[in-house]
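Please look over the model shown here before reading on. The report keeps to what can be computed from its atoms.

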Amino acid sequence: AHSVVSRHQTRHRRLQLWHGLIVSYTHRHTMQTIACHSNWKLNVVDYIVFHWRQTYDAMMHTRRRFKRQCLPLIPSIAIAYQRRRTCAQMIWNWYECRKQMQTLSHRLHAIYKLCQFRKTFMEYPLKSEIYSAWKYFVCR
């Protein structure tokens with residue numbers, strides 16, 4: 001009877017040991033997973049903060065450089081732009097006027113050609129026919 005009891009106790013003890021081992025492993029694995037995730041999140045946050053600082057510093061550096069180098073030049077650049085725009089407007093006006101004059105000269109030339117055609121091929125033959133008919137009537 002002693003061997004049956006001791007065997008049962010030994011088996012129960014082994015099961016308890018295995019169960020404790022599995023529980024401790026599961027707990028340790030869970031804690032390691034949580035630590036790993038928290039470390040990953042800390043690293044991501046550090047990465048984001050680092051790059052945000054770098055970007056912010058670069059933006060502020062760019063703003064300072066713009067303020068120092070570009071702002072004093074804005075009035076002179078604006079004046080040069082206005083001059084260029086005025087010159088371009090003058091050239092455009094000249095071109096438009098020239099185009100209108102060419103169109104006008106083309107139209108006047110077309111009107112002159114129509115008048116010449118009317119005189120040459122309509123009035124003179126009609127006049128000569130009337131004259132020849134009158135001459136024929138008078139000289140008969």
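## Overall form

The model is a predicted one, and its protein chain contains two helices and zero strands. Whereas a compact globule of 140 residues would have a radius of gyration near 14 Å, the protein chain has a value of 53 Å. The C-alpha trace, taken along the principal axes of the protein chain, spans about 175 × 55 × 10 Å.

## Surface and charge

Of the 140 residues in the protein chain, 0% are buried, where buried stands for a relative accessible area under 20%.

Among the side chains of the protein chain, 24 are positive and 5 are negative, with a distance of 18 Å between the centres of the two sets.

## Cysteines

There are zero disulfides in the structure. Cys87 takes part in no disulfide, and the cysteine sulfur nearest to it, which belongs to Cys97, lies 18 Å away, while a disulfide would require the two sulfur atoms to be within 2.5 Å. Cys97 is likewise in no disulfide, its nearest cysteine sulfur being that of Cys87, at 18 Å.

Definitions and conventions
Residues are numbered from 1 along each chain as its sequence is written. This is a predicted model: local features need pLDDT of at least 70, side-chain atom pairs count only at pLDDT 80 or more; totals for chains, interfaces and linings use all residues. Side-chain values use heavy atoms; hydrogens and water are left out. Helices (H or I, at least four residues) and strands (E, at least two) are DSSP runs, numbered from the N terminus. The radius of gyration is taken over C-alpha atoms; the globule rule is 2.2 Å times the number of residues to the power 0.38. Buried means under 20% relative accessible area, exposed over 50%, partly exposed in between (1.4 Å probe, protein chains only). Lys and Arg count as positive and Asp and Glu as negative; His and the chain ends are not counted. The place of a charge is taken as NZ of Lys, CZ of Arg, CG of Asp or CD of Glu.
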